Amino acid sequence: MPAWFKKARRPIAAQDKASRVPEGLWVKCPSCGKALYNKELTANLHVCPKCAHHFRMTAADRLRMLFDGADWTEHDVELRSNDPLRFTDTKPYRARLEASIKATGLNDAIIVGSGRLDDIPVVIGAMEYSFIGGSMGVVVGEKIARAAERALQERCPLIIVSCSGGARMMEGALSLMQMAKIAAALGRLDRAGVPYVSILTDPTTGGVTASFAMLGDVHIAEPKALIGFAGPRVIEQTIRQKLPEGFQRSEFLLAKGFIDAIVDRRELKATLALLLRAMQGLPSPAPKTAAAETETETESETTIRLARPAPDQT
Ligand SMILES: [Zn+2]
């Protein structure tokens, strides 16, 4: 029989390209199971409009969300790891770096920039989870330390958005040293009275939690974010006890006093603006009335007011 009458056998999974839904057009919410239109999800800052599940966000999207417009400057773009330990696990670290640089368009797991947030000059660093799990090696450490130094020099608040699996094991002890370096830089910022706000997103773990993520003047977490040092399994095996429900999630940490607030991502920028103005004793940009102008609060009065619980909580 001539070959052209034969219907070639094809696996069922292989459909015509044209009939397939373009990749990434719809996303299934892992929390409520609803199918979400990707464009709509992006417009909603990657928060499920049905159940408020917070999807992970890229560092670039995060900075676009926080800075006013496109008028911000990125710093230390060129810093790249030189694989100081010549490390190889299942594949060479150098190859992992190459693949991550290609996939993300970034040179390492953080973007640092300075610009304005609701017209307040700020330095912001946002971690990129898709770059080797947002792990902190020499480059991430150096960029955060420099961000702190820049904030100190310009006397403007520093904001770090953490999203990380912890220290980068491919850089061994050099990764761990970043914790001390960043802590020292943040210490100088603290002594100069320059605010540092830590934003904890899903996940914030390991050496990042053990250093700068928990060294803020204020700690704000996103809802239901995983925040912890060691993983639950390691802890259970060590203490030989079952961990409580919701352990290591934002809500649990807020109840235990580890963090100061849980803020929905859609409210984050407005909350930060309010907070930074209060911390720096800046006037609110709200339309001025005669009453507001006569009532001026001293810096210490502001501090006291902020430290007190709201009337409805007492
Ligand atoms: Zn949902």
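Does Thr 204 count as buried or exposed, and at what relative accessibility?

Reply: Thr 204 counts as buried, because its relative accessibility is 0%. (Buried means under 20% relative accessible area, exposed means over 50%, and partly exposed is in between, using a 1.4 Å probe and protein chains only.)

Before we go on, keep in mind that this is a predicted model, where local features need pLDDT of at least 70 and side-chain atom pairs count only at pLDDT 80 or more, while totals for chains, interfaces and linings use all residues. Residues are numbered from 1 along each chain as its sequence is written, and side-chain values use heavy atoms, with hydrogens and water left out.

Now, where is our threonine? Thr 204 is part of strand β7, which covers residues 196–204. (Strands are DSSP runs of E with at least two residues, helices are runs of H or I with at least four, and both are numbered from the N terminus.) A polar atom of the Thr 204 side chain lies 2.8 Å from the backbone oxygen of Thr 201. (A contact like this is a pair of N or O atoms within 3.5 Å, where one must be able to donate a hydrogen and the other to accept it; residues adjacent in sequence count only if both atoms are side-chain atoms.)

What else does Thr 204 touch, leaving out residues up to four places away in sequence? The list is Ser 162, Cys 163, Ser 164, Thr 209, Ala 213, Leu 226, Ile 227 and Gly 228. (Contact means heavy atoms within 4.5 Å.)

Let's zoom out to the nonpolar core. The largest one has 38 residues, and Leu 158, Leu 186, Leu 189 and Phe 212 have the most contacts inside it. (A core is a set of buried Ala, Val, Leu, Ile, Met, Phe, Trp, Tyr and Cys residues joined through side-chain atoms within 4.5 Å.) Strand β7 is one of the elements that each supply at least two residues of this core; others include β6 (158–164) and α5 (172–191). Helix α4 gives the largest share, six residues.

Take Leu 158 as an example: beyond four places in sequence, its contacts include Leu 186, Leu 189, Tyr 196 and Val 197. There is also a second, separate core of 25 residues, with Ala 59 and Leu 272 among them.

How confident is the predictor? Mean pLDDT for the chain is 90, and 83% of its residues reach 70 or more. (pLDDT is the predictor's confidence in each residue, from 0 to 100.) Over residues 14–21, though, pLDDT stays under 50.
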